[in-house]
Amino acid sequence: MTEPLLSVRDLKMHFPLKKGFRRTGTVYAVDGVSFDLRKGETLALVGESGCGKSTTGRTVLRLEEATAGSIRFEGRDVRALSKKELFTLRRDMQIVFQDAYSFLNPRLTIGEAIAEPMEVHGLYDRAERARRVEELLDIVGLSPAYAKRYPHECSGGQRQRLGIARALTLQPKLIVADEPVSALDVSVQSQVLNLFQDLKERFGLSYLFISHDLSVVRHVADRVAVMYLGKIVELGTAEQVFGETAHPYTKALLSAVPQHEVAVARERIVLQGEVPSPIQPPSGCAFHTRCPVATELCRVSVPALDEITEGHFTACHYVEKGVSA
Amino acid sequence: MGHLLEVRDLSIAFRKLEKKSKDLPLTPGIDNVSITLQKGETLGLVGESGCGKTLSSLAVMGLLPDSAAVTGGRIGFDGEDLLELPERDRNKVRGARIGMIFQDPMTSLSPYYTVGNQIMEGMRYHLALSKKQARKRGLELLQKVGIPAPERVFDEYPSQLSGGMRQRVMIAIAISCEPDLLIADEPTTALDVTTQAQILELLHHLQKENGMAMILISHDLGVIAEMCQRVIVMYAGQVIEEGRTRELFHDPAHPYTQALLAATPRLDTKQERFYQIPGQVPPPSEWGAACRFLARCPKATHECQHAPSLLTLGGGRQARCWYAGDTSTGREEARRA
Ligand SMILES: Nc1ncnc2c1ncn2[C@@H]1O[C@H](COP(=O)(O)OP(=O)(O)OP(=O)(O)O)[C@@H](O)[C@H]1O
Ligand SMILES: Nc1ncnc2c1ncn2[C@@H]1O[C@H](COP(=O)(O)OP(=O)(O)OP(=O)(O)O)[C@@H](O)[C@H]1O
Ligand code: SF4
Ligand SMILES: [Mg+2]
Ligand SMILES: [Mg+2]
């Protein structure tokens with residue numbers, strides 16, 4: 001088999017918790033995550049708010065320095081790269097941030113913001129850059145008139161699309177897309193998702209697609225990783241995760257999706273108990289405090305991420321091999 | 001009479017700030033938008049990105065950016081025109097009687113204050129709570145919006161929180177003074193479905209408990225269907241359809257609403273490509289005499305060169321399309337009306 005584009009092993013990101021200068025604890029934001037991403041593949045990362053999706057994405061791109069683990073991109077050890085090497089690598093690895101406001105420079109117009117990465121990397125001349133800016137705006141469904149606007153003169157969805165256009169400027173190989181369509185109405189969302197699909201087919205672009213919108217994930221993802229409290233609890237092809245759902249947490253997650261066809265109201269599995277804090281993750285299986293089928297075993301022993309059928313992994317004591325309940 | 005909120009024919013336009021010249025043409029933002037809401041009612045506001053949903057809400061909150069100006073209409077709230085109120089009285093309404101969950105958490109949360117300070121601020125100002133009382137209530141609120149370890153988050157800065165946690169902090173702030181009207185601008189976009197269900201449940205509970213009315217802005221039609229009695233659909237700065245949720249989703253009258261529903265991805269079937277409405281929303285500079293949906297509309301004819309006005313179809317249904325009456329219920333309702 002060919003080598004994966006991105007290979008992440010046992011990735012950990014622990015934030016120190018401080019009160020003043022005193023260290024009072026640790027946030028186990030990402031706690032031993034492993035996955036591979038092949039060229040031209042979309043791997044979706046889903047899970048409850050605060051489970052560590054964004055942190056995983058940012059750490060993979062080294063926007064944050066991991067606490068432990070290995071990250072390989074095209075076989076190279078990303079964590080060992082020098083600043084200069086990292087700069088070059090950034091051309092190939094881009095991110096669409098969850099919070100469009102946090103990365104936009106308020107003093108740059110939209111046109112300038114999209115052109116900036118090309119300038120920084122010394123690509124193309126002025127005229128060509130301008131042409132590309134226009135093309136990118138069109139691709140994300142904004143008229144060229146928006147190039148002269150400032151971020152604060154745009155609506156939430158317009159800013160989100162700006163973030164997408166910016167990530168595409170350098171024609172990267174990998175995009176970490178952190179909730180890229182969350183602020184978009186369905187039609188613009190379709191446009192962006194179709195675009196992602198086209199780029200994938202034409203250029204073999206790969207995505208780490210972070211989203212809580214499972215109906216979107218269902219359609220764009222080749223494989224899906226479900227996270228809970230900093231760990232992956234289920235991983236498999238989209239068909240496996242949606243069709244042969246194994247982990248109790250994934251089942252609860254899927255049952256909560258609202259649908260606008262009021263008729264198809266499904267039985268909702270409402271999770272009992274509070275979301276535990278990543279500062280003191282529960283013992284054993286971290287999900288045991290809310291799991292409808294948990295037993296004493298779950299409280300004391302950590303289930304391993306086991307392969308139950310080919311390519312379908314899950315971390316639960318009560319999912320048997322070859323059986324997907 | 002009887003309306004809690006009555007926005008009538010509200011128009012807002014932008015001017016370029018740096019060019020002070022008075023005769024510079026204003027860029028239109030929204031045109032003649034009317035929104036009414038009863039006490040305790042939930043209204044959904046949907047529409048293509050950039051159509052003016054946030055702008056309309058900011059106007060009700062009295063938080064328009066400096067470059068925006070109200071060029072017509074009124075905003076009635078509990079019998080008073082908010083646009084006529086002096087700033088001091090407006091401040092008493094904002095945050096206390098009308099709360100808002102902002103679309104972009106980072107624009108409304110300050111990076112320099114802890115979460116706790118930001119939650120306590122409104123309660124201390126509007127409800128005159130002591131620091132101790134405000135802290136107690138603040139922690140309760142964080143708990144209610146489903147934040148694990150509220151004590152930890154209370155002392156943290158927004159930058160240390162995940163996207164969904166920030167959003168929930170903002171929700172806690174918006175409901176802290178138990179407003180009569182809550183404007184929720186994409187309140188659950190950053191939230192996973194389980195947390196989303198919990199938040200919607202909480203909002204629903206507040207409505208029943210305190211008779212709070214709510215304007216819910218969301219592009220998630222599933223959420224709208226679950227929460228709202230009525231829906232307003234906007235397109236390019238105008239209201240283009242209004243009606244009761246069930247009827248509007250079941251049998252949309254306006255071609256844009258029809259396309260919007262067709263574009264919704266479903267969980268139960270896998271599709272290779274997503275349906276997208278061809279073309280783009282025209283920027284304000286291209287808003288002319290024709291229907292603003294013309295270039296993208298599959299039903300357009302020469303008649304559409306003249307912009308249609310909001311056509312009343314009966315049963316509280318309205319649509320801005322010459323052919324709106326052509327849907328089955330549309331026809332029926334037009335006859336009945
Ligand atoms: N800089 C930081 N300092 C301390 N804690 C942090 C920091 N960044 C993130 N965290 C914590 O790490 C955990 C995971 O955060 P992360 O942003 O990865 O969540 P997420 O899965 O992306 O959630 P969401 O869906 O809400 O965006 C959270 O508990 C968060 O508070
Ligand atoms: N300060 C400003 N100057 C000029 N135009 C502006 C300004 N602020 C907003 N606009 C424009 O006004 C229009 C309405 O914006 P608004 O934020 O209300 O959209 P929205 O319906 O909330 O969209 P979204 O779903 O993307 O959040 C947009 O086209 C936007 O570009
Ligand atoms: S008025 Fe004409 S152009 Fe406008 S939406 Fe109706 S059919 Fe289409
Ligand atoms: Mg996140
Ligand atoms: Mg908005």
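Reader: By class, how many nonpolar, polar and charged residues does the shell around ligand 1 have?

Author: This is a predicted model, where local features need pLDDT of at least 70, side-chain atom pairs count only at pLDDT 80 or more, and totals for chains, interfaces and linings use all residues. Residues are numbered from 1 along each chain as its sequence is written, chains are lettered from A and ligands numbered from 1 in the order in which they are written, and side-chain values use heavy atoms, leaving out hydrogens and water. A shell residue has a heavy atom within 4 Å of the ligand, and Ala, Val, Leu, Ile, Met, Phe, Trp, Tyr, Cys and Pro count as nonpolar, Asp, Glu, Lys and Arg as charged, and the others, Gly among them, as polar. On that basis, the shell has 7 nonpolar, 10 polar and 3 charged residues.

Reader: Ligand 1 lies between which chains?

Author: The 20 residues surrounding ligand 1 include S49(A) and G164(B), both listed among the closest. Ligand 1 lies between chains A and B.

Reader: Which helix supplies the largest share of the shell around ligand 1?

Author: Helices here are DSSP runs (H or I, at least four residues; strands are E, at least two), numbered from the N terminus. Strand 2 (22-37) of chain A, helix 1 (53-60) of chain A and helix 7 (163-175) of chain B each supply at least two shell residues. The largest share, 4 residues, comes from helix 1 of chain A.

Reader: How far is an oxygen atom of ligand 1 from a polar backbone atom of G164(B)?

Author: Polar contacts here pair N or O atoms within 3.5 Å; within protein, one must be able to donate a hydrogen and the other to accept it, and residues adjacent in sequence count only if both atoms are side-chain atoms. For K53(A), a polar backbone atom is 2.8 Å from a ligand 1 oxygen. For G164(B), the distance is 2.6 Å.
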